[in-house]
Amino acid sequence: MPASSALDRRAAIGAACRRDEADCVAALAGDLRAAAPDRDAVAAHARALIVAVRRERHGASGVDNLMHEFSLSSHEGIALMCLAEALLRIPDTATMDRLIRDKIGAGDWRAHLGHSHSLFVNAATWGLLITGKLVATHSEGALGGHLGRLVARGGEPLIRRGVEFAMSLLGQQFVMGQSIAAALARSEENVARGYTHSFDMLGEAATTDADAERYFGAYAAAIGAIGEASDGLGVVHGPGISIKLSALHPRYRRAQRQRVLDELYPRLLALTRLARDADIGV
């Protein structure tokens, strides 16, 4: 690209920074009218893509059906997701048990029984129904008999293990692996089907310089591994990496703008140079 053209593009990007939203929408609407798209063809193509995706997902894991049954529009779905995220952050079992009692005990699990064709969903629903009754019951007499009292005493630890197992299943649905090597290995089947991936690091933003350095090292190692796995496919057809800026600096906020520029920018530049040398997208 000629130097003048690159400067013009950079100037255009700078001029678009924090541009008035109404002006942006008007310009985009004008571009759309000028393009005169065939709306029927667009709709038909979108439908074909959706049908193909659903066909590919047919027969997928029971976790898919579970997530469909307990959607985030339901009280129970929200409770499950709150539980899934929160349990990962709780270090002691007593607090886990109190959270389980609070989140599952009030769920209307009975309303979901028999709604899904999936045996996995219905079995899980029965388990949640029973679990909900156990943790919501505080009277030993109501449980009835020695067996009921035994289950009540051991119930929450058992429930906790069950919930942790269920959350691990959900985690496998949304997390490719605990390391970049594991994620790359697990992605091979999708790659064979024509998919490409952009890998990211899970975790919160850095809170200390040590955190930022650790994330920087992890990103650098991941770039090397992804570049090797890409095997020359390039930035378009090969896998890439997504870099979380807040992971590279403990004070990533507007009030620390100059410090962020002075300290975060060199780290980001170093990573992007590594990615350039590895010929992967960022």
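Q: In this predicted model, why is Cys17 called exposed?
A: Cys17 has a relative accessible area of 53%, and since the word exposed applies over 50%, Cys17 is therefore classed as exposed.

Q: What makes Cys24 partly exposed rather than exposed or buried?
A: The relative accessible area of Cys24 is 25%; buried would require a value under 20% and exposed a value over 50%, so Cys24 is placed in between, as partly exposed.

Q: How many disulfides does the model contain, and by what rule is that decided?
A: A pair of cysteine sulfur atoms has to lie within 2.5 Å to be counted, and by this rule the count comes to zero disulfides.

Q: How do you know that the length of H13 agrees with its number of residues?
A: At 1.5 Å a residue, the 22 residues of H13 should span 32 Å, and the end C-alpha atoms are 30 Å apart, so the two values agree.

Q: Where does H13 bend, and which residue follows within four residues?
A: The bend, of about 35°, is at Leu264, and the proline Pro266 follows within four residues. Beyond the helix comes Asp279, whose phi is positive, near 60°.

Q: Which residues of H13 are buried, and what is included in their cover?
A: Val260, Leu264, Arg267, Leu271 and Ala275 are buried, and H11 is included in what covers the buried residues of this helix.

Q: Which residues touch the most other members of the largest nonpolar core, and which elements give two or more residues to that core?
A: Among its 19 residues, Tyr219 and Ile241 touch the most other members. Helix H10 (180-192), helix H11 (209-230) and helix H13 (257-278) each give two or more residues, and H11 gives the most, with six residues.

Q: What does Tyr219 touch, when residues up to four places away in sequence are not counted?
A: Its contacts are Asp200, Met201, Ile241, Ser242, Ile243, Lys244, Ala247, Leu248 and Leu271. One of these, Leu271, is also among the buried residues of H13.

Methods:
Residues are numbered from 1 along each chain as its sequence is written. This is a predicted model: local features need pLDDT of at least 70, side-chain atom pairs count only at pLDDT 80 or more; totals for chains, interfaces and linings use all residues. Side-chain values use heavy atoms; hydrogens and water are left out. A nonpolar core is a set of buried Ala, Val, Leu, Ile, Met, Phe, Trp, Tyr and Cys residues joined through side-chain atoms within 4.5 Å. Buried means under 20% relative accessible area, exposed over 50%, partly exposed in between (1.4 Å probe, protein chains only). Contact means heavy atoms within 4.5 Å. The expected span of a helix is 1.5 Å times one less than its number of residues. The bend at a residue is the angle between axes fitted to the seven residues ending there and the seven starting there.
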